[in-house]
Amino acid sequence: MAVGDISEGFDSLYNSEKSLRFMEESVDKPEECLNCSYYKLCRGGCRRWRDVYGGGLGVSFLCEGYKKFSPTAKAG
Ligand code: SF4
């Protein structure tokens, strides 16, 4: 998802409707994330990875990988 055109300047990108919506949608996390023991490490992942197939916001596409990696990160 492109949020704007860099040739129009950084401020126009940062303040574009798409950019603001992206940031707003990043705040709300799925219930599964809020109850996840790895949330402090992952924080639900990037909003970008929560709608990879265009089916709406859900758990991150990378969730399974985060859960495999996180026990290692906690131990290290
Ligand atoms: S590991 Fe998965 S369920 Fe847990 S916070 Fe990250 S994305 Fe959410």
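Predicted model: local features only at pLDDT ≥ 70, side-chain atom pairs only at ≥ 80, totals over all residues.
## R43 and the loop between α4 and α5

R43 is partly exposed, with 13 other C-beta atoms within 10 Å. Here a residue is buried if 20 or more other C-beta atoms lie within 10 Å of its own, exposed if 12 or fewer, and partly exposed in between, with C-beta atoms placed from the backbone. You will find R43 in the loop between α4 and α5. Its phi is positive, about 55°, although R43 is not a glycine.

G45 has its place in the loop between α4 and α5, and with 18 other C-beta atoms within 10 Å it is partly exposed. Leaving out residues up to four places away in sequence, G45 touches R50, S60, L62 and Y66; two residues are in contact if their C-beta atoms, placed from the backbone, lie within 7 Å. G45 and K29 are 16 residues apart along the chain, and their C-alpha atoms are separated by 9.2 Å.

The pLDDT is the predictor's confidence in each residue, from 0 to 100. Its mean over the protein is 87, and 95% of the residues reach 70 or more. Among the elements, α3 has the highest mean pLDDT (94) and α5 the lowest (81).

## Overall fold

The protein has five helices and zero strands, where helices (H or I, at least four residues) and strands (E, at least two) are DSSP runs numbered from the N terminus. Along the sequence the pattern reads α-α-α-α-α. The radius of gyration is 15 Å, well over the 11 Å that the globule rule gives for 76 residues, so the protein is more spread out than a compact globule. That radius is taken over C-alpha atoms, and the globule rule is 2.2 Å times the number of residues to the power 0.38.

The C-alpha trace spans about 45 × 30 × 20 Å along its principal axes. Of the 76 residues, 9% count as buried. Among contacts with a separation of 6 or more, 29% come from residues 24 or more positions apart.

## Around the ligand

Of the 13 residues around the ligand, C33, C36, C42, C63 and Y66 come nearest; a residue counts as near if its C-beta atom, placed from the backbone, lies within 6 Å of the molecule or strand in question. The elements that give two or more residues to this shell are α3 (31-34), α4 (39-42) and α5 (63-75). The largest share, three residues, comes from α5.

By class, the shell has eight nonpolar, three polar and two charged residues. Ala, Val, Leu, Ile, Met, Phe, Trp, Tyr, Cys and Pro count as nonpolar, Asp, Glu, Lys and Arg as charged, and the others, Gly among them, as polar.

## Two more residues to look at

Y38 lies in the loop between α3 and α4 and counts as partly exposed, with 17 C-beta neighbours inside 10 Å. Beyond its neighbours within four places in sequence, Y38 is in contact with Y66, K67 and S70. From Y38 to S12, 26 residues apart along the chain, the C-alpha atoms are separated by 35 Å.

L13 belongs to helix α1 (residues 10-14) and is partly exposed, with 15 other C-beta atoms within 10 Å. Not counting residues up to four places away in sequence, L13 touches V3, G4, I6 and S19. L13 and L34 are 21 residues apart in sequence and 30 Å apart in space, C-alpha to C-alpha.

Note on methods
Residues numbered from 1 in each chain as written.
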